[in-house]
Every structure is written in structure tokens, then in C-alpha cells.
Amino acid sequence: MAGGNGGIRGVYGAVALVAGAGLAWTLWHGVEQPGNALAFGAFIAVGELARWGSQPGEREPAPLGAAGALAYALLGECAGRPTTHGVLQVVAVVVAGVLVGAVPHVARGSGPALDHVARRVLTVGFAAACFQPLYNSGKLEHWIGHGAYYALFLLLLLVLTALCDAVLAAAMLGARTRYPYGPLLRDELRALLGIGSAVCATGAVMALSVAVAGLWALPVFCVPLLLTQLSFRRYAAVRTTYRQTIASLARATEIAGYTQPGHARRVAALATAVGRELGLSGPDLAVLEYAALMHDIGQLSLVDPVPEGATALLPAAEQRRIALLGGAVVRQTGAPAAVAVVVERQADPYRDQPLPARIVRTVNAYDDLTGGSGGTAGGALGALEQLRLGTGHDYQSEVVESLARVLARGGLAPVPPG
């Protein structure tokens, strides 16, 4: 973890250096075309204010601000007049807008997400460094003019900027979590097809619109973007509520005394970590998490509870019966069919299972064997040894070894029940 923290500190150091250079240069030399700088700075600040109510872990908590920052970085003209601001002023305006917009959030105890701020400063700085010197020197106009090739150049630059942001985001998350870099990058690249492409396209269109219509184009874009952002917030809130409902439903076995307290949450947290280790991402991880939360729900159909809820110690036929009962219950909850399939097949021989079911079965067995308290090295190592002995039929060796690596990164500590 020390290496990961060192990487994060290195990124923050680079951001502080770039931001400090931008602010110092702008204060020393003065603000070029202050009207443009003030308008875009206010637009970015409004975007930061609009992230009020954003969900934890949201990929882009302030898409309006991100689009405005990109537009300023790619701004070559305003109402037909060439702009004169440079790369460092772009950085200064973005930093100032983010800081101003963050004041109300800081006042209520929730400042800006530092990783998002760092990514914004670096990626916008990258876009400005690729565009502003070429435009201000006249080389861009000489090479491609102002027609369709100019728009294509902006599109290419936005693609490179988006890729830069995805690489940086995956690297920072990997440094924090020590998850494999490949799946994290794949998640970020997949997100480019959604909110990422929308932000980039909006930034380019804003820059082109301001070049023709002037600063009046900014409020024209602001209102529909705010409404779109509000719709995304509501959608994210619905997804969060759905996950909370699944988690509450999973606790029914604990409340009824069929499983140990925290068992479902521990299995879900550890299974998700193993899934990332094995390369799962996006929707596959969501299916895995939901199935892990509800993997024991079939026990509610039993007349007599399983001792301590440890289904891994039951005969294979009884495990399959409970799994099928659980799948039937999950299908009635309205959860995706893929979740029910994982729950139903978690007790099958691993060669007949999809990968999420193999992960759920292995992690569930680990938690059962350790009694939910595998914090001691002996308990964890003993459970892993038993799992390795069952890799011929019950557990896939790759999943068991992935579980061992995840546990080793945590010092063989138990997954917290929260």
C-alpha cells in the first residue's frame, strides 16, 4: 500500500505544481481577455455547484464543469475574434472555478473529490497544451484552416484527452486499491461510451458555438445540461436505492437467525474483490455483488436452520436444494435473471458453473470455514488449504489462488462486516 500511496502523492504533487504554475503566471502577467475567463470560470463553478446530491463513487460528479473546462481549453475564437489566453491561464481558470464552486460543499463538510479534481486539472492541461500553442502561433490555421478539418482535429484531440483521462483514472484507482490495472482500464474505457463521450462532445460543441455566437452560447448550453445532470442524479439515486434494497433483503437470513451477522456483506465484499482480481468489470461485477449478497436467501425456505448457516459443510445434494430454493426467491424479487442463475448454480461442480458462481461458492466456503473471523493467519491459511484440497471437483484453483492473493494484500485480515 505504501507504493500505491506514493503514486497518489506523486499525482497530487504534479497537480499542485501545474496548478501553482498556472495561478502564479496568471497573477504575474495578468488575465488575458478577462471577460472570457470570468464567463468560463463562472460556468465551471456552476458545474461544481450542480454536483450537489451526487452519489459516492459517481464517475463524473460535475459533467457540466468538465465540459466547460474542456471548452475553454479548446477555445480559439470568441464571436469571431481570436483568443489570446494560453495553457497556464486555462489551468488557472479551471482551478479557480473548481475552488469557488467547492466552497458550499466544503461548508457542509463534503469537499471536492480530490481524484476528480486532479484528473480534471491534468487532462484539461493536456488538451490546452495540445491546442493553444498551435492555435496562438497560427500554425493550426495554416495547416487545416477553419472548415471540417478543424472540427476533425478537435475530435481527435478530444479522443486523446479522453484516453489520457481513462489511463490516469485507472492508474489512480489501481494505486489506491491494488486491483489489476487491465480490468480497471477496461471499465474506464467502457465509461467513455457513456458520460465520457457526452462530456467531450459537449465541450467541443461549446467551443465551436462560442467561436461563432460569443459568450451568449454558454447560458444556452447551461440549462439543458443542468436538466440532463439532474436526470442522471435521479437515475443514480434509483440504482443506489435498489442496491440498498438488495442488501436489506440479504439481511433477512441474519435477522431470522439462519446465518451469522455480516456473513452476506463479507461474502459480497470479498467476492467483488476476487472478481476484480480475475478481470470482471462493469455489469458482471454488479451481478456478482448482488448474487453474493443473496446467495443464502434459500435458507429462508428451510424448516430447521443450518448450524451457524454454514452451507459449505452440508452434503452436496442439500447444498443444491438450498441453492435452487434461493434462485426461485431471487427471481421473485425482480433482480436480473443473471443473478438468479448464479444463486441457483453456486452449489454445482465448478466446471458446470459460470465464473461468478465459482467465485461465490469459493468465498462463501472460505467465510463458512473461518466462521466469519478469518483474521488469524492460522484460520485463514487453514481455510485456504481446505479449499485447495477441493479444487478437483468443488472449487476452481484459479479462483482459490485469486482469493489467496486478495487476502494476502490485506494481510489475511477479515473482510469488515460493514
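Predicted model: local features only at pLDDT ≥ 70, side-chain atom pairs only at ≥ 80, totals over all residues.
Reader: Is T123 buried or exposed?
Author: T123 is found in helix 5 (helices, H or I of at least four residues, and strands, E of at least two, are DSSP runs numbered from the N terminus). Beyond its neighbours within four places in sequence, T123 is in contact (heavy atoms within 4.5 Å) with T161, C164 and D165. Its relative accessibility is 7%, and the cut-offs are under 20% for buried and over 50% for exposed, with partly exposed in between (1.4 Å probe, protein chains only). T123 therefore counts as buried.

Reader: Which aromatic cluster includes F131?
Author: F131 and Y135 both lie in helix 5 (residues 114-136), four residues apart, about one turn of the helix. F131 is buried at 0% relative accessible area, and Y135 is buried at 11%. The cluster that includes F131 consists of F131, Y135 and Y150.

Reader: How many aromatic pairs does a search of the whole structure find?
Author: Rings of Phe, Tyr and Trp (its six-membered ring) pair if their centres lie within 6.5 Å; planes under 30 degrees apart are stacked, over 60 edge-to-face and the rest tilted. On these terms, the search of the whole structure gives a total of four.

Reader: How many residues apart in sequence are the parts that the pair of F40 and Y72 ties together?
Author: F40 and Y72 form a tilted pair, 5.0 Å centre to centre, with 35 degrees between the planes. F40 is buried, with a relative accessible area of 0%, and Y72 is likewise buried at 0%. Because F40 lies in helix 2 (residues 34-49) and Y72 in helix 3 (residues 63-73), the separation of the parts tied together is 32 residues.

Reader: How many residues of helix 12 are buried?
Author: Among the buried residues of helix 12 are L285, E289 and Y290. The buried residues of this helix pack against helix 9 (217-250), helix 11 (263-277), helix 14 (337-345) and helix 15. Helix 12 (residues 283-293) has 11 residues and is largely enclosed by the rest of the structure, because the number buried is eight.

Reader: What percentage of the residues of the chain count as buried?
Author: The chain contains 17 helices and two strands. Among contacts between residues at least 6 apart in sequence, 72% join residues at least 24 apart. Of the 418 residues of the chain, the buried share is 47%.

Reader: How much space lies in the largest cavity?
Author: A cavity is a set of points on a 1 Å grid over the protein atoms alone where a 1.4 Å probe fits but cannot get out, and lining residues have an atom within 4 Å of a point. There are three cavities of 30 Å³ or more; of the 13 residues lining the largest, the closest to its centre are T311, Q319, Q346, A347 and N364. Helix 13 (316-332) and helix 15 (355-370) each supply at least two residues of that lining. With volume taken as the space filled by probe spheres set on the points, joined across faces, edges and corners, the largest cavity holds about 140 Å³.

Note on methods
Residues numbered from 1 in each chain as written. Heavy atoms only, no water. 1 Å grid on protein atoms, 1.4 Å probe; cavity = no way out; pocket = protein on both sides within 12 Å on 5 of 7 lines; lining within 4 Å.
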